[in-house]
Amino acid sequence: MKAIIFKEFGEADVLQLGDAPAPEVRPDDLLVRVHAAGVNRADLTHRRGGYGRPDFGDSTIMGLEIAGEVIGTGSAVQGYKVGDRVMGVVGGGAYAELARIDWRMAMPIPDALDYVHAAAIPEVFVTAHEALVHLGRLQRGDSVLIHAAAGGVGSAAVQLAYATGATIFATAEAGKLERVAQFGVDYAIDYTTQDFAEVVADKTNKRGVDVVIDFVGAPYFSRNVASLANGGRLVQVGILGGGGEVNIGLEQILYRHLQIIGTVMKSRAQAEKHAMVRRFREHWLERFTGGSSLEPVVDSTFTLENAAQAHRRMESSLNVGKIILTMDVRT
């Protein structure tokens with residue numbers, strides 16, 4: 001099969017189209033003919049050697065989410081058969097014509113969606129639901145601050161918050177604010193010229209928001225805490241702006257009843273990943289009907305052989321929504 005391979009860590013040019021053996025199907029696996037694959041920032045980290053190894057858990061081939069057609073099933077698979085259209089999160093191996101996926105990490109593709117848009121759902125919407133609803137416990141009438149709202153997980157979180165009935169504050173670059181507002185944001189904030197903590201304080205009469213979803217990390221930490229209402233939850237999903245140490249007075253956590261929660265999918269046990277997918281599927285999957293408030297946001301598509309261009313697009317930070325690789329098949 002054709003797949004993206006790289007022999008050394010480095011810049012996008014190390015990604016090359018080559019030949020690789022088809023994955024071996026284990027008892028709990030579906031073998032999928034991949035029609036589209038999502039590009040994630042974890043892929044960039046993988047390519048640069050940030051994980052210290054060429055193997056992302058389950059495959060030496062890059063990529064974490066797929067959409068395609070089942071062409072084989074393992075002996076322990078339940079609920080899927082050859083010919084089914086599926087999407088889901090894989091432990092590596094998405095940048096290829098064939099991939100295997102644990103059937104408990106797969107979901108049926110809603111009839112209204114093609115493969116490209118289906119590939120834009122699994123990683124970002126599962127992560128967004130886990131952070132916003134399961135951990136953040138966002139409810140109708142709550143308020144939420146979502147950072148990096150033009151990105152894959154950020155735009156998904158905004159849509160889920162809107163569907164929940166929350167008041168939404170969201171940060172993005174000036175050139176992306178109009179697009180972000182179309183997702184249902186109440187207060188779109190240009191983080192390059194506005195202090196989001198000041199905007200939150202002003203628009204909430206200094207009460208703050210119930211939930212903050214952050215991907216940036218240390219540079220935003222103190223202002224995120226300041227933006228929380230009493231009893232508020234800060235859910236840390238990423239550290240794109242840097243990790244390291246942060247300072248906070250324990251009195252704030254104690255007397256304001258705050259909660260600071262960290263979450264990331266790739267380091268979780270497999271059973272926990274199964275539960276994350278199940279929670280999202282049960283809560284939201286039927287809402288992707290093609291005419292509802294939930295719609296995967298696709299920024300751009302690139303053929304598999306142009307994976308390096310897709311990575312450069314993500315590195316430019318110009319994208320709004322997901323970047324998708326296609327295998328040159330009809331969707």
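## Close-up views of a predicted model

**Figure 1. Helix α1 against helix α10.** Helix α1 (residues 41-48) packs on helix α10 (residues 307-315) at an angle of about 110 degrees, with the two axes 10 Å apart. That angle makes α1 roughly perpendicular to α10 (angles of 65 to 115 degrees count as roughly perpendicular, under 35 as roughly parallel, over 145 as roughly antiparallel, and the rest as oblique). Axes are lines fitted to C-alpha atoms, for helices over the stretch in contact, and angles run from 0 to 180 degrees between N-to-C directions. Helices (H or I, at least four residues) and strands (E, at least two) are DSSP runs, numbered from the N terminus. The α1/α10 crossing is left-handed (the near helix is turned anticlockwise from the far one by less than a right angle; clockwise is right-handed). From α1, the residues Arg41, Asp43, Leu44, Arg47 and Arg48 meet His311, Met314 and Glu315 of α10. By class, the contact of α1 with α10 holds two nonpolar, one polar and five charged residues. Here Ala, Val, Leu, Ile, Met, Phe, Trp, Tyr, Cys and Pro count as nonpolar, Asp, Glu, Lys and Arg as charged, and the others, Gly among them, as polar.

The model is predicted: local features need pLDDT of at least 70, side-chain atom pairs count only at pLDDT 80 or more, and totals for chains, interfaces and linings use all residues. Residues are numbered from 1 along each chain as its sequence is written, and side-chain values use heavy atoms, with hydrogens and water left out.

Figure 2. Ala42, Asp43, Leu44, His46 and Arg47 of α1 are buried (under 20% relative accessible area; exposed is over 50% and partly exposed in between, with a 1.4 Å probe and protein chains only). These buried residues pack against β3 (29-39) and α10. Contact means heavy atoms within 4.5 Å. Just after α1 comes Gly49, with a positive phi of about 90 degrees.

**Figure 3. Helix α3 against α4.** Helix α3 (residues 122-135) and α4 pack at an angle of about 55 degrees, their axes 8 Å apart. The two helices are therefore oblique to each other. Their crossing is right-handed. On the α3 side, Val124, Phe125, Thr127, Ala128, His129 and Leu132 take part. They meet Gly152, Val153, Ala156, Ala157, Gln159, Leu160 and Ala161 of α4. The contact of α3 with α4 has nine nonpolar, four polar and no charged residues.

**Figure 4. Helix α3 against helix α9.** α3 also packs on helix α9 (residues 270-284), at an angle of about 85 degrees and with the axes 9 Å apart. That makes α3 roughly perpendicular to α9. α3 contributes Phe125, Val126, His129, Glu130, Val133 and His134 to the contact. α9 contributes Met276, Val277, Arg279, Phe280, His283 and Trp284. The residues of the contact of α3 with α9 are seven nonpolar, three polar and two charged.

**Figure 5. Lys322 and its side-chain partners.** Lys322 lies in strand β15 (residues 322-326). With 4% relative accessibility, Lys322 counts as buried. Its side chain makes a polar contact of 2.4 Å with the side chain of Glu65. A second polar contact, of 2.8 Å, joins the side chains of Lys322 and Asn40. A polar contact is a pair of N or O atoms within 3.5 Å; within protein, one must be able to donate a hydrogen and the other to accept it, and residues adjacent in sequence count only if both atoms are side-chain atoms. Not counting residues up to four places away in sequence, Lys322 touches residues including Gly38, Val39, Ala119, Val124, Gly152, Asp299 and Ser300.

**Figure 6. Asn224 in helix α7.** Asn224 sits in helix α7 (residues 218-227). At 0% relative accessibility, Asn224 is buried. The side chains of Asn224 and Asp214 make a polar contact (3.4 Å). Leaving out residues up to four places away in sequence, Asn224 touches Leu145, His147, Phe196, Val212, Asp214 and Leu234.

Figure 7. Ala148 is placed in the loop between β8 (143-146) and α4 (152-164). Its phi is near 50 degrees, a positive value in a residue other than glycine. Ala148 is partly exposed, at a relative accessible area of 34%. His257 is in the loop between α8 (250-255) and β13 (259-262). The phi of His257 is near 60 degrees, also positive in a residue other than glycine. His257 is exposed, with a relative accessible area of 54%.
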